[in-house]
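Biologist: I am new to this structure and would like to go through its salt bridges. Please show me the sequence and the model.

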Amino acid sequence: WRCGKQFGGEQAVCPSCRARRRDLPAESTAGTRPKIAVEIAPNPEQVAGRLFWTYGVLIATSVVYGWYIQGRAKADPDAPTDVRALLVFEAIDCAMILGSLAWLPQRPPPARTTRQGRHAIWLAGLPLLGLVLTMNLTYVHALQSYIGVSDEAVESLLGGDIPLALTVLTICIQPAIFEELYFRHLVLDSFRRPMGVHAAVLVSSVMFGFAHLGQFIAIPILVMVGMLLGYARVYSGGLALPMILHFLHNLVIVLLERST
């Protein structure tokens with residue numbers, strides 16, 4: 001329960017972090033060495049199955065909303081953003097992710113990181129975010145300038161017809177909290193033990209990118225953003241840093257879009 005590593009047999013404490021087992025029999029008494037029950041990890045098939053269904057709902061929500069706002073933009077390019085629809089789809093996402101937290105089996109806690117590693121990733125977080133933002137803006141500029149491709153969904157969401165406070169709430173704060181809870185807590189932490197850290201970061205990042213299927217041209221760069229947030233989760237040992245970086249990334253995009 002402390003370091004996330006497994007042990008069994010007759011050991012009463014973890015050989016790595018010295019934490020006592022939590023699954024000791026309740027009837028154990030002082031002065032006797034209780035027998036240790038074997039630790040039972042969550043069933044990988046059950047975890048994968050439930051992640052499949054919850055992720056499918058998130059994908060469907062993104063696709064339906066993307067079709068809706070792109071169709072609206074093509075029908076009337078000057079039409080204001082449908083704030084009510086935006087709030088409804090955001091509420092569906094929040095409810096889905098909160099339900100996933102309760103439905104998915106409890107994940108073992110990730111292994112603790114070193115103090116030096118946590119300090120290093122916190123110091124490197126902003127420079128790495130600047131690099132990813134530069135890649136993002138370069139990618140979007142190349143699509144618009146050389147290929148002539150734009151994304152009506154993104155432009156509608158970030159346009160200036162929505163009050164800035166509401167835009168920050170729905171585009172910056174809500175995703176920074178709820179998407180991190182789903183992709184960096186539920187998905188990444190569930191995959192770390194069976195797949196290993198790097199494979200889990202990659203898979204969760206690809207899932208993160210394709211969860212924005214309604215904004216299809218942004219998927220490649222969002223996979224890169226997801227990898228930054230995934231490693232921030234792994235090496236910081238918590239969700240605070242990826243949430244902050246996610247918020248800042250979206251905030252910079254919003255402010256730049258409104259200034260043009």
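Biologist: Where do Glu 180 and Arg 184 lie, and how many residues apart are they?

Modeller: Both lie in helix α5 (residues 164–195), four residues apart, which is about one turn of the helix. A helix here is a DSSP run of H or I with at least four residues, numbered from the N terminus. This is a predicted model, in which local features need pLDDT of at least 70, side-chain atom pairs count only at pLDDT 80 or more, and totals for chains, interfaces and linings use all residues. Residues are numbered from 1 along each chain as its sequence is written, and side-chain values use heavy atoms, with hydrogens and water left out.

Biologist: Why is the contact of Glu 180 and Arg 184 called a salt bridge?

Modeller: The term requires a side-chain nitrogen of Lys or Arg within 4 Å of a carboxyl oxygen of Asp or Glu. For Glu 180 and Arg 184 the N to O distance is 2.7 Å, so the pair qualifies.

Biologist: What makes Asp 189, Arg 192 and Arg 233 a network?

Modeller: They are linked by salt bridges. The closest N and O atoms of Asp 189 and Arg 192 are 3.8 Å apart, and those of Arg 233 and Asp 189 are 2.4 Å apart. The latter pair links distant parts of the chain, with Arg 233 in helix α7 (residues 219–236) and Asp 189 in helix α5, 44 residues apart.

Terms used: Helices (H or I, at least four residues) and strands (E, at least two) are DSSP runs, numbered from the N terminus.
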